[in-house]
Amino acid sequence: MKEETKLNESTGYWSGVWIEFKKDKLSVIALFLIFSLFIVAVFDDLLAGKKPIIMKYQNNIYLPAVFKYKELVGIDFSDHNKIKDISSFVIFPPVKYSATENDLFSVLSPPDKNHYFGTDDRGRDVLSRMIHGAIISLSIGFVAVGIAFIIGIILGGIAGYYGGRTDFIISRLFEIMITFPVFFLILTILAFRDPSIYNIMIVIGATGWTGIARLIRGDFLKIRNYDYITAQRALGANDIRIMFVHILPNALAPVLVAATFGVAGAILTESALSFLGFGVPPPTPSWGDVLSQSKKYVDFAWWLVIFPGLAIFLTVTSFNLVGEGFRNALDPKLRGR
Amino acid sequence: MENSIVKISNLKKYFPVKTGVFSKTSNYLKALDGINLDIKKGETLGLVGESGCGKTTLGKTLLRLYDPTEGTIEFNEIDITNLNSGKLRPIRKDIQIIFQDPYSSLNPRQKVESIIGEGLLIHGIVKKSEIRNEVIKLLDDVGLNKEVLSRYPHEFSGGQRQRIAIARALAVKPKFIVCDEPVSALDVSVQAQIINLFFKLKKEYNLTYLFISHDLRVVRYISDRVAVMYLGKIVEIASSEQLYKNPLHPYTKLLLSSIPNIGKKKNIKREIIKGDLPSPVNIPSGCRFHTRCPIAEQRCISSEPELRNINKLHNVACHLV
Amino acid sequence: MENILEIKNLSVSIGDKQNGFEVVSDVSISVPKGKIIGIVGESGCGKTITALSVIKLLPDPPAKITSGEIIFKNRNLLELSDKQLRLIRGSEISMIFQEPVSSLNPVFTIGEQIGETIRTHNKINRKEENDRVIELLKLVGIPDPERRYSNYPHEMSGGMCQRVMIAMALCCSPDLLIADEPTTALDVTVEAGIIELINNLRNETSMSVILITHDLGVISEIADEVYVMYAGRIVENAKNELLFNNPKHPYTIGLLNSIPDLSDSKSKDLKMIPGNIPSPQNYPKGCRFNDRCGLVIDKCKYNVPRLEQVENKHQSACFRSGEINL
């Protein structure tokens, strides 16, 4: 006897979450902002820099902003007029300055038709530095959180799944980590290491896993007693499989919310570090770095404060809004389950 | 008896009760307090008792989902009491479990095909490319359409989910299935469907069942023999017909008289059981049922009765029988 | 026999105009004074929603009562304001629910909780209140009530907690008690005690009871009159003995057949109802049972059968009820 299966449209879990998320207009706008930021970060060389986006030279088409070409070695891209002469067709990036070129004739000049965001104390174009700094902020944010994620899931998962003495020891580890004032710990570590972008990512990640770990531990403790997990043990699945194939997907949702907030936090931390002079070393542009320069010239160089400040503010707020929208989208679904 | 598929001897499972600031073990919750049981190949053994009597713990301990505190478990003549997980894994294929709550026994994030195919994957029973076909065959056995393969559990009703859970268990071709209240959470009309399904699968797959339930009617209908548990011990065990026609233990009699009659004249005054179930942390002395037993005597308070054979297949643990 | 409550043509919908669907359709139930009325049906049949509608405990939105009247003591409850209803709830009409332990507040003793209910409806001093609580605990059969007064819910068994709930429901001597699946979460031995308690209370106080459950055994034991619901409609209504000994609706018959008899041997297959209970979004047209019914004819797919009398005190909503003879 076959049963009739009258079933509705199949909605997977994440598609349902997306539908809920879209209902919050603010979060959707924030998501769109972040998406735009990504575009800016990825295409930074196409938006600001000396190399043309596309040029037709000696009957060949080149994309110097994207690729390096053997034939173009030796051409001086800093003089746009010369480039215009030798090419039959050329399109330059909208912002004609690179993030690192000094122009000692236009030091600390306010925004005008050449430098839309003004210049800093070495004559570098602020807008270009902002555009190229985007990828720095974003990568630090994501890589740091990625590291925290991995550490947090492993430690939290093991503590929650095995319980008992293992949990006891690992939980004490959490507590020790939490009591450290993390920011000062980061400063201390960076004082002893070379301040490179990689070290910063690693340090922020390696000190920021406790929130994720606690969430994972809690969910693992709860889910490990559910019948469907017991069924896996009865089927003969080994612990690793149970933890990562079965429990983790069910514990992931709140952790992803924490991760979005984590990215915001990491970006803020990096900006703070750069502001204090411990951040990404020059000449790599970073938003915190631009902001840090403003310290000296804050009386009159408002553009060194406003633009990076606004960028950091908007980015961090957007991530927070997306995180919150995500959490709200998950909530009613959790109740429904 | 050599056609026993499961032999349990003096099985005990105690859970430590931790109190105090340092979580010291102050007492034990004696969920199983000395169980002796033989389950014969091909039979359906019903296990009844109130909540807290230990029947679910017995089912899970049988599968080594809990580690026994004392005693032995033999499956197909192999002592599985202390086997490590590596040696236990191949044996797990032979013993499976179906749970009560169809809503928490399936992983909400897995599609049906993946849920049922899990066992096939873990034990490499068929080639990866063959898994889908095997799953479709199993779906057919439990009465589901192959349309359900790519769906998620929340799209199904309780009865359908139970069928999926049964298919999952059958995938590894078990010899013995512990059914832990498999129909209690289902509507009456669906219960009947699933009960019939259990019968059909037993014949087709040559299964032995341990059928745990608090629903005395369903147990009567489906079991060959029935065991009654109280506070961690078996107090009576007999063929299904014998137990219901001629119960000997006072507890069994009270249990059976609590069942409401449907449609028949209600002039039979039912004996209502008095008192609360004692806590398994504080098991009464002597016969553990004496605190609620209508015919308890002095010796019931001082000494614990053992399961004695009264007549063919009928064993009771009571001083007064 | 006077009716203490009359539900007339009640219909309830869930959702808004676009995605709404009806979960209770044209339900009429009469509750005579001092009688126990059983409403029986499986999940999704609408029995709980019907009960919640009586004292307007439905979450509105999304549930909306779209038509009907609920007449209690000559007033239509659906027309009363919230304030007026609050005076009735707990004092004239009380309700108890399925999960007794979680229906009680874990941080207060049971004595305090019962006392609070009394205080809400009566001006009473502390001593009188305590006496009344002890009296109620005795009434519901809780042994050692003075000691139990200071117990917390988690210190008591499920059966005890349900008795506490009943005590709270009875504290103002209501005319009507609505019991929604009161024994479903309890063991069969405990269930028997609660059923006996409800029966005794009815006999002593001539309170009326609406007993909602999916358990036919419980209904058979104490209900005077039974209403069978399926997919939001009443399909059969009869005096207790008539329903169980001479059912006249295919669904009722199917239900009764699905329950294993205690003397059955398993040589015969349990006669089951094929198919699944439809969800409210997918109710079949015409008779809602038509896709699972063994007696279905064409008429059933287009016309809705009305409740018709098949004998004295016995109605069935089936076009072929006259042909049914067990």
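Which helix of chain A has the lowest confidence, and which the highest? In this predicted model, where local features need pLDDT of at least 70, side-chain atom pairs count only at pLDDT 80 or more, and totals for chains, interfaces and linings use all residues, the lowest mean in chain A, 79, belongs to helix H4 (residues 80–86) of chain A, and the highest, 93, to helix H9 (residues 210–223) of chain A. Here pLDDT is the predictor's confidence in each residue, from 0 to 100, and helices (H or I, at least four residues) and strands (E, at least two) are DSSP runs, numbered from the N terminus. Residues are numbered from 1 along each chain as its sequence is written, while chains are lettered from A and ligands numbered from 1 in the order in which they are written.

The model as a whole scores ipTM 0.84 and pTM 0.84. Chain A has a mean pLDDT of 85, with 95% of its residues at 70 or more, but over residues 1–8 of chain A the pLDDT stays under 50. For that stretch the model has 17 contacts beyond four places in sequence, two residues being in contact if their C-beta atoms, placed from the backbone, lie within 7 Å. Where pLDDT is low, the predicted coordinates should not be read in detail. In chain C the average pLDDT is 89, and 98% of the residues score at least 70; among the elements of chain C, the lowest mean, 81, is that of helix H3 (residues 100–103) of chain C, and the highest, 96, that of strand E9 (residues 225–230) of chain C.

Chain A can now be taken by itself. Its secondary structure comes to 13 helices and 3 strands, and its C-alpha trace spans about 80 × 55 × 40 Å along the principal axes. An automatic or database domain assignment, the source of the domain bounds, divides chain A into domain 1 (52–91) and domain 2 (126–336), and the C-alpha centres of domain 1 of chain A and domain 2 of chain A lie 41 Å apart. Of the 337 residues in chain A, 40% are buried; a residue is buried if 20 or more other C-beta atoms lie within 10 Å of its own, exposed if 12 or fewer, and partly exposed in between, with C-beta atoms placed from the backbone. A:Pro283, in the loop between helix H11 (239–276) and helix H12 (287–297) of chain A, counts as partly exposed because it has 13 C-beta neighbours inside 10 Å.

Chain B touches both of the other chains. Its contact with chain C takes 34 residues from chain B and 32 residues from chain C. On the side of chain B that touches chain C, helix H6 (188–205), helix H7 (216–222) and helix H9 (250–257) of chain B each supply at least two residues, and H6(B) gives the largest share, 7 residues. The contact between chain B and chain A takes 31 residues from chain B and 23 residues from chain A. The elements of chain B that give two or more residues to its side of this contact are helix H2 (85–92), E6, helix H3 (112–123) and helix H5 (158–170), with the largest share, 4 residues, coming from H3(B).

Strand E6 (residues 95–98) of chain B has B:Ile95 and B:Ile97 pointing one way and B:Gln96 and B:Ile98 the other way, and all are buried. E6(B) runs parallel to strand E7 (residues 176–180) of chain B, to which 4 bridges join it, strands being paired if DSSP finds at least two bridges between them. The bridge partner of B:Ile97 in E7(B) is B:Val178.

In chain C, the domains are domain 1 (3–92 + 172–323) and domain 2 (93–171), and their C-alpha centres lie 28 Å apart. The contact between them takes 26 residues from domain 1 of chain C and 20 residues from domain 2 of chain C.
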